[in-house]
Amino acid sequence: SMNEQIVILDFGSQYTQVIARRVRECNVYSTIVHFNTPAAAIAAMKPRGIILSGGPSSVFAPDAPLPDKTIFELGVPVLGICFGVQLFAHFLGGKVEKGLKREYGKGTLTVNDAKCALFAKLPKSLQIWNSHGDKLTKIPDGFKAVARTENSEFAAIENREKKFFGLQFHPEVVHTLRGREIIANFVHGVCGCGKSWTMRHYVDQAVEEIRALVGKEKVILGLSGGVDSSVAAALLHKTIGDQLTCIFVNNGLLRAREAEVVREVFGRNFKLKLQYENAAALFLRKLKGVTDPEQKRKVIGRTFIEVFQAAALRAGKAKFLAQGTLYPDVIESVPIAGNPAALIKSHHNVGGLPKNMKFQLVEPLKCLFKDEVRLLGLELGLPKEIVYRQPFPGPGLGVRILGEVTPARCEILRNADAIVVEEMKASGLYYKIWQSFAVLLPVRSVGVMGDERTYDFTIAIRAVESQDGMTADWVKLPYDLLEKLASRIINEVKGVNRCVLDITSKPPGTIEWE
Ligand code: XMP
């Protein structure tokens, strides 16, 4: 449950969210807070332990991010990672010196003190991963060194009495091979947390919270069929039943069978109130003659708002609007190296709907990471087809048909894309990669089929591997799969006589073509 939590102070490390996820993988709830959160506010969260993240700063910097120093007096175990170790030294009487060169990359940790709880049940020698500039040269009062590396006598330090631990290396990254166990030792062994953060417990808790917030009021939700809105819909339906109305807009730019799957799963199986808005003709009419990518996105966005607003009115007066906002969207990140632009991530899910739609928000997923949302979806009985589906852009096939979007071109792309999805699933690769889809290029080239000359469109196949969509690598699909894709698309999809493979990574390419 959330009653046993670990609080993570964020000093701007690129790995802060990874730390939070590692803790949650131990079935322990974790929350990220800004580095300068007052100790009283942290105490009020009743943490079982505190983790100080790494960060790009040096304690020597005049604008170094420093925590409220009384966090060390809360009587709560503290694990300082990297920059976190410097903070122990800064506040508790140690010494840090500016490193001449950055220690970066793999190293070997040798544990000197087998009794240190962080290394319980671990071997004496461990592969770890470093990324730090400054170096601890005198350990803080009350601490002793419990492990060393080639370059540092003080790679891990401990104040056993106070349960303070400092690690110069990064236990949260996968290159620290047994880092998960080090974190598990901290949260279970040192902090005494159980394993109560499970999606089953989460459902019970969320149901209570939603009921308390919503009461007898009505809620509407824009169901896109994507993972987040689907899981939010299932959770709300379980909690408030018919007080929830889901609005599903068919914009005519959906993939094959997409609308049917949503109607089957949510309408027929879950029996939730599903308001199906078929606005395909309207969208396609508005897209007529539009070829500029940004213009297309604007037209689609505006039309969506128009349709959704009208649909919401017809759904009856609702006080609440539900959204599938996730935890990474609400964490206020610390500016990296003084870059104010990184200060607050915009709540981009909230954007889109006009201000005059005065709803109160219900965001039942806003403390979950994506992988947790998937587990929750399975717990709520959603099929794998929805829970593990690949991301799909809001403007849909509209940004995968270059140039003008017409009904005929939508039909061609839908058929080609269905073949890509089917073959990717058959090969077992669909659920292993980030995205795989077809793109329609409105250039014609000459071909020959049977005895006839053809002059038709080209389909590009795009398959990428990614962690978060921010960067991506193209996937080296097996030749026999590529061969099958090309031959099926060209033979089965009328209007296509050529198939090409997109081998562009991101950057410099984007994942979508428009
Ligand atoms: P790009 O093309 O920018 O895409 O590399 C990164 C990821 O975001 C998805 N994407 C969108 N998702 N609305 C969305 O909900 C959009 O307008 C949109 N545009 C791109 C894209 O599919 C990829 O996963």
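These questions and answers walk through a pocket, some ring pairs and some salt bridges in a predicted model.

Trainee: Which helix gives the most to the lining of the second largest pocket?

Mentor: The second largest pocket has a volume of about 400 Å³. Helix 7 (258-269), helix 13 (407-427) and strand 17 (435-449) each give two or more residues to its lining. The top contributor, with 5 residues, is helix 13.

Trainee: How many residues of the lining of the second largest pocket are charged?

Mentor: The lining has 20 residues, and Arg255, Ala256, Glu385, Val421 and Lys425 lie nearest the pocket centre. Of the lining residues, 8 are nonpolar and 3 are polar. The charged ones number 9.

Trainee: Are the planes of Phe165 and Phe186 stacked or edge-to-face?

Mentor: The count of aromatic pairs is 18. In the pair Phe165 and Phe186, the ring centres are 6.2 Å apart. Planes over 60 degrees apart count as edge-to-face. The planes here stand at 80°, so the pair is edge-to-face.

Trainee: How many residues apart in sequence are the parts that Phe165 and Phe186 tie together?

Mentor: Phe165 is buried at 2% relative accessibility. Phe186 is buried too, at 0%. Phe165 lies in strand 11 and Phe186 in helix 4, so the pair ties together parts whose separation in sequence is 21 residues.

Trainee: Which ring does the charged end of Lys476 sit over?

Mentor: Start with Arg400, which lies over the face of Phe437, 3.6 Å from the ring centre. For Lys476, the charged end is 4.4 Å from the centre of a ring. That ring belongs to Trp474.

Trainee: Where in the chain is Asp371, the salt-bridge partner of Arg21?

Mentor: The structure holds 26 salt bridges. In the one between Arg21 and Asp371, the closest N and O atoms are 3.2 Å apart. Arg21 sits in helix 1, and the two residues are 350 residues apart. Asp371 is in helix 11.

Trainee: Is Arg200 buried or exposed?

Mentor: Arg200 forms a salt bridge with Glu379, with the closest N and O atoms 3.1 Å apart. Glu379 is partly exposed at 34%. Exposed means over 50% relative accessible area. Arg200 has 57%, so Arg200 is exposed.

Trainee: Which residues do salt bridges that share partners join into one network?

Mentor: Some salt bridges are pairs, such as Lys95 with Glu97 at 3.9 Å, N to O. Others share partners and form one network. Its members are Glu422, Glu423, Lys484, Arg488 and Glu492.

Notes
Residues are numbered from 1 along each chain as its sequence is written. This is a predicted model: local features need pLDDT of at least 70, side-chain atom pairs count only at pLDDT 80 or more; totals for chains, interfaces and linings use all residues. Side-chain values use heavy atoms; hydrogens and water are left out. On a 1 Å grid over the protein atoms alone, a cavity is a set of points where a 1.4 Å probe fits but cannot get out, and a pocket is an open set with protein on both sides within 12 Å along at least five of seven lines; lining residues have an atom within 4 Å of a point. Grid points are joined across faces, edges and corners, and a volume is the space filled by probe spheres set on the points. Helices (H or I, at least four residues) and strands (E, at least two) are DSSP runs, numbered from the N terminus. Ala, Val, Leu, Ile, Met, Phe, Trp, Tyr, Cys and Pro count as nonpolar, Asp, Glu, Lys and Arg as charged, and the others, Gly among them, as polar. Rings of Phe, Tyr and Trp (its six-membered ring) pair if their centres lie within 6.5 Å; planes under 30 degrees apart count as stacked, over 60 as edge-to-face and the rest as tilted. Buried means under 20% relative accessible area, exposed over 50%, partly exposed in between (1.4 Å probe, protein chains only). A charge sits over a ring if NZ of Lys or CZ of Arg is within 6 Å of the ring centre and within 35 degrees of the ring normal. A salt bridge is a side-chain nitrogen of Lys or Arg within 4 Å of a carboxyl oxygen of Asp or Glu.
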